[in-house]
Amino acid sequence: MRIGDAAAAAGLTPRALRYYEERGLLTAHRTSSGHRDYTAEDVRHLRAVRELLTAGLTIEDVRALVSAIEALPANRRDRPTLGEPRTDGSRADGSRADGEPGLCTVPNMIVRRRLAYLDERIERLTELRDGLAQRVGGPLRDLGRDLDPARTSAAG
């Protein structure tokens with residue numbers, strides 16, 4: 001399918017789809033005439049990318065996740081139930097029986113890193129908000145009283 005159809009099916013604009021391709025989140029197949037050609041699998045992939053971005057991950061985070069998923073063998077790309085041992089000795093949390101980290105730890109690390117970053121930002125923004133409210137809360141209340149027409153006419 002052409003770029004406009006794929007973008008619409010994924011809930012994106014053609015411009016966003018080209019941007020995702022430019023950033024390495026998807027590689028479009030090309031027709032013999034050079035036009036981009038997308039499959040239903042590409043549309044599914046684009047929807048997943050959009051959801052991850054909407055959830056708060058960055059383009060770089062999603063690119064790292066895509067790379068980690070593509071590095072998995074095709075039979076391991078589906079998400080197993082957590083704690084379920086796999087035939088290769090690894091567990092769904094990415095750990096392996098021999099203590100070595102598995103490929104699934106990469107997505108976990110990316111998500112944990114993003115959550116830690118967001119927690120730090122929330123803490124910093126909360127401190128800024130509280131500081132601003134303490135420093136200017138009183139002057140703003142006074143300014144509001146000074147601008148109140150009922151008070152101004154009663155005083156004059």
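The following legends describe an overview and several close-up views of a predicted model.

**Figure 1. Overall architecture of the predicted protein chain.** The secondary structure comprises six helices and two strands. Read from the N terminus, the order of the elements is α-α-β-β-α-α-α-α. Of the 156 residues, 22% count as buried. Among contacts with a separation of 6 or more, 43% are made by residues 24 or more positions apart. The chain exposes about 11100 Å², and carbon and sulfur atoms supply 54% of this area.

**Figure 2. The largest nonpolar core of the protein chain.** This core has 20 residues, of which Leu 12, Leu 17, Tyr 20, Leu 25, Tyr 38, Leu 46 and Val 62 touch the most other members. At least two core residues come from each of helix H1 (3–10), helix H2 (14–22), helix H3 (40–55) and helix H4 (59–71). When neighbours within four places in sequence are left aside, Leu 46 is in contact with Ala 10, Leu 12, Leu 17, Tyr 20 and Leu 26.

**Figure 3. The aromatic pair of Tyr 19 and Tyr 20.** One aromatic pair is found in a search of the whole structure. The rings of Tyr 19 and Tyr 20 are tilted, with 6.5 Å from centre to centre and 55 degrees between the planes. Tyr 19 counts as partly exposed because its relative accessibility is 36%. Tyr 20, by contrast, has a relative accessibility of 9% and therefore counts as buried. Tyr 20 is also among the residues of the largest nonpolar core that touch the most other members.

**Figure 4. The salt bridge between Glu 60 and Arg 23.** The closest N and O atoms of this pair are 2.6 Å apart.

**Figure 5. The salt bridge between Arg 113 and Asp 61.** The side chains meet at 2.9 Å, N to O. Since Arg 113 lies in helix H5 and Asp 61 in helix H4, the pair ties together parts that are 52 residues apart in sequence. Asp 61 is buried, with a relative accessible area of 1%, while Arg 113 is partly exposed at 49%.

**Figure 6. The salt bridge between Arg 44 and Glu 41, within helix H3.** Here the closest N and O atoms are 2.5 Å apart. The two residues are three positions apart in helix H3, so about one helical turn separates them. Glu 41 counts as partly exposed, with a relative accessibility of 44%.

**Figure 7. The salt-bridge network of Glu 21, Arg 30 and Arg 36.** These three residues are linked in a network of salt bridges. The count for the structure comes to eight salt bridges.

**Figure 8. A nonpolar patch on the surface.** The patch is formed by Val 111, Leu 115, Tyr 117, Leu 118 and Ile 122, which together have about 430 Å² of accessible area. Leu 118 lies in helix H5 (residues 105–147). With a relative accessible area of 33%, Leu 118 is partly exposed. This value meets the requirement for patch residues, which is over 30% relative accessible area.

Methods
Residues numbered from 1 in each chain as written. Predicted model: local features only at pLDDT ≥ 70, side-chain atom pairs only at ≥ 80, totals over all residues. Heavy atoms only, no water. Patch = residues over 30% accessible without salt bridge, like charges linked within 9 Å, V, L, I, M, F, W, Y side chains within 5 Å. Areas by Shrake-Rupley, 256 points an atom, 1.4 Å probe, with all protein chains shown as cover. Salt bridge = Lys/Arg side-chain N within 4 Å of Asp/Glu carboxyl O. Helix = DSSP H or I, 4+ residues; strand = E, 2+ residues; numbered from the N terminus. Buried < 20%, exposed > 50% of the residue type's maximum accessible area, 1.4 Å probe, protein only. Phe/Tyr/Trp six-rings, centres within 6.5 Å; stacked < 30°, edge-to-face > 60°. Contact = heavy atoms within 4.5 Å. Core = buried A, V, L, I, M, F, W, Y, C linked by side-chain atoms within 4.5 Å.
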